[in-house]
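Please consult the sequence and the structure shown below while reading.

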Amino acid sequence: MASQCSLSTLFPIQSELDCALDDSTTEQEKENLVKDYLEKLDEKEDLKIPDFQTGLEWLNTEGPLSLNKELSGKVVLLDFFTYCCINCMHILPDLHRLEKKHSAKDGLVIVGVHSAKFPNEKALDNIRSAVLRYDICHPVVNDSEARLWHDLEVSCWPTLVLLGPRGNLLFSLVGEGHRERLALFTASALRHYGERGLLKTHAVGVKLYRDSLPPSVLSFPGKVAVDGIEKRLAIADTGHHRILVVSTAGQLLHAVGGPKSGRRDGDFSEASFSSPQGVAIKGEAVYVADTENHLIRKIDLLERRVSTLAGVGAQGTDKEGGAMGPQQPISSPWDVTLGSAGGGEGNVLWIAMAGTHQIWALFLADGKLPKGSECKAGTCVRWAGSGNEENRNNAYPHKAGFAQPSGLASAPEEPWGCLYVADSESSTVRTLALKDGAVKSLVGGEWDPLNLFAFGDVDGKGVDSKLQHPLGVAWAPEQSRLYVADSYNHKIKVVDPKAKQCSTLAGTGEAGDTLGPEFDKSRFNEPGGICIGDGGKLLYVADTNNHQVKVLDLFSKTVSLFPISRDCVDAVPTNPSAPTKAPTLPRSAARKEMPPAAVSAGQTLVMSLALSLPEGTKLTEGAPSCWALSAEGNEWLLEGRVLTGDIVDLSKFKKRPSKILALREQKALKTLGI
């Protein structure tokens, strides 16, 4: 039956229509061509496809759907996708537009058929996370063994298949970029079958999982970057469509954008983003890969304003570039990092352009690409990658091929002198030489540039090691080591670039949310971003599907949660009368010696002070009394904490707890006065 009702049967019929539509000039002519085509298809009886297999897992529905029951009498659009695929992500706006225009009552139902590329993508929980991350509001079925994919002879992601009200094949569209034709086919089918009374208006039981989610500070954080000088982190709070700037003590300093997606420049109160991913922070500037807006943005923390540096706000197809940033269309930038190219330090922003499988450069000041021409400040141009989705290494950067590059780390020091690239769809880490643009393999993948299925979870050397869809890299110059967020293996790995040796650092390989705290007992869930902090002593990991940032202490080899306060300093007015610094203890003050407490990065130490006061003790009227917390010689322990306050009632001050967050290497608390 599959041989009689697969896409191979439909394609020869539809190809005649496609050619005629390419030659047509008016909308009316196109509508007439599609109408005639549908009338001819109705005469055929062999285009009905098999129903969904029983026992499959469904999302966003009240139960399983059937072409012969719940979907009978509907025009059904099947979206064959795998959630890692950037091309599949690109057609989601087209589907959202269709859903807004045509409802189930009108006769249209969209069903996502998830057919996994990677083993990790077969798990329902991981698909559920992707459905939430991409704001998919239509039913999705987990066809983990690709049964329907094979029955219909689907050959690539994404593939759209439009069905008539009896489950009969109408149209198919392969790849992205078919918005207009998809709208034409869908509207024509609804009109055609509506006029014949073959459509039904019943509702399909949709139950969105997102409606039951508890609130959280972070939602699918994609990337994290650190400013070691200012002791701040920039976090892409991707699911909340915002950027957070947080002190290394966890104090929320700025929250820019969110909670809904948008595309506005301006001050912090009005600026908006859409699923931002990559972030880079230096001084008072935060650079943002505003992924679903197809923009590069800049946050000026001093001026409290957001501006657009590159992109036009719509997906571009240009694979060369060279225009000034705001006039240059770009496609799904996924990560950014600062570097230098023929000019001063930090004169260029390197961009992992996942949508066109390339590495681009945005010049923040005048400069020059390796073996390239001079570029004026503001120029946005392709540096490496042909635009073909490949794992192709080459001495000439324009002839090399990437496959959805998703993470960048700069290592300008000799002998490295390169940009490290997490090339997700080839499951490799590659190097891009800063001197001449040569692209080489470091770890993962295999030698065949067209094989994008050489993935796994194997520690080893060069191509003998295997990764699974890595999304992030971080360079530690102090150790000459590269750290990798091996996302679909739920691990953090470490690479010795000289020996090309890759090994597991943390994670069990199973998705979860466990603080070991030992490295080998901790669990992550598709970590997407990673950065190095505190002079190479700490790793900050965006643990994406756990909605957290975690801290890996490379000295104690422990994992802890990085807590983020919900109250934003930037949004709460300060009390000018409140003391800003605890007073220094007098030499005569009583001191209580306590045993040292060893803490690891991210752990919270709770200290409670109980006062035993003589019977009848009272506060002196008119003389203010206060309490103060200090850590002399270890002031960093109290960053972001309340250090002092008034005492107005002794009965409420018999016991005073205080929480202290450790965010550096193990320390002994030697002096703490209160």
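How much space lies in the second largest pocket? About 1100 Å³ of space lies there. The model is a predicted one, in which local features need pLDDT of at least 70 and side-chain atom pairs count only at pLDDT 80 or more, while totals for chains, interfaces and linings use all residues. Residues are numbered from 1 along each chain as its sequence is written, and side-chain values use heavy atoms, with hydrogens and water left out.

**Second largest pocket**
- A pocket is an open set of points on a 1 Å grid over the protein atoms alone, with protein on both sides within 12 Å along at least five of seven lines; lining residues have an atom within 4 Å of a point.
- The lining comprises 42 residues, and Val226, Ile281, Thr337, Leu338 and Ser410 lie nearest the centre.
- Strands (DSSP runs of E, at least two residues) that each supply at least two lining residues include β7 (224-227), β17 (333-339) and β32 (529-533).
- By class, 21 lining residues are nonpolar, 12 polar and nine charged.

**Cavities**
- Five cavities of 30 Å³ or more are found in the whole structure; in a cavity, a 1.4 Å probe fits but cannot get out.
- The largest cavity holds about 80 Å³ of space, and its lining includes Asn60, Arg128, Asp135 and Tyr209.

**Helix α1**
- Helix α1 (residues 7-23) has 17 residues, with a kink of about 35 degrees centred on Ile13; the bend is the angle between axes fitted to the seven residues ending at a residue and the seven starting there.

Key
Helices (H or I, at least four residues) and strands (E, at least two) are DSSP runs, numbered from the N terminus. The expected span of a helix is 1.5 Å times one less than its number of residues. Grid points are joined across faces, edges and corners, and a volume is the space filled by probe spheres set on the points. Ala, Val, Leu, Ile, Met, Phe, Trp, Tyr, Cys and Pro count as nonpolar, Asp, Glu, Lys and Arg as charged, and the others, Gly among them, as polar.
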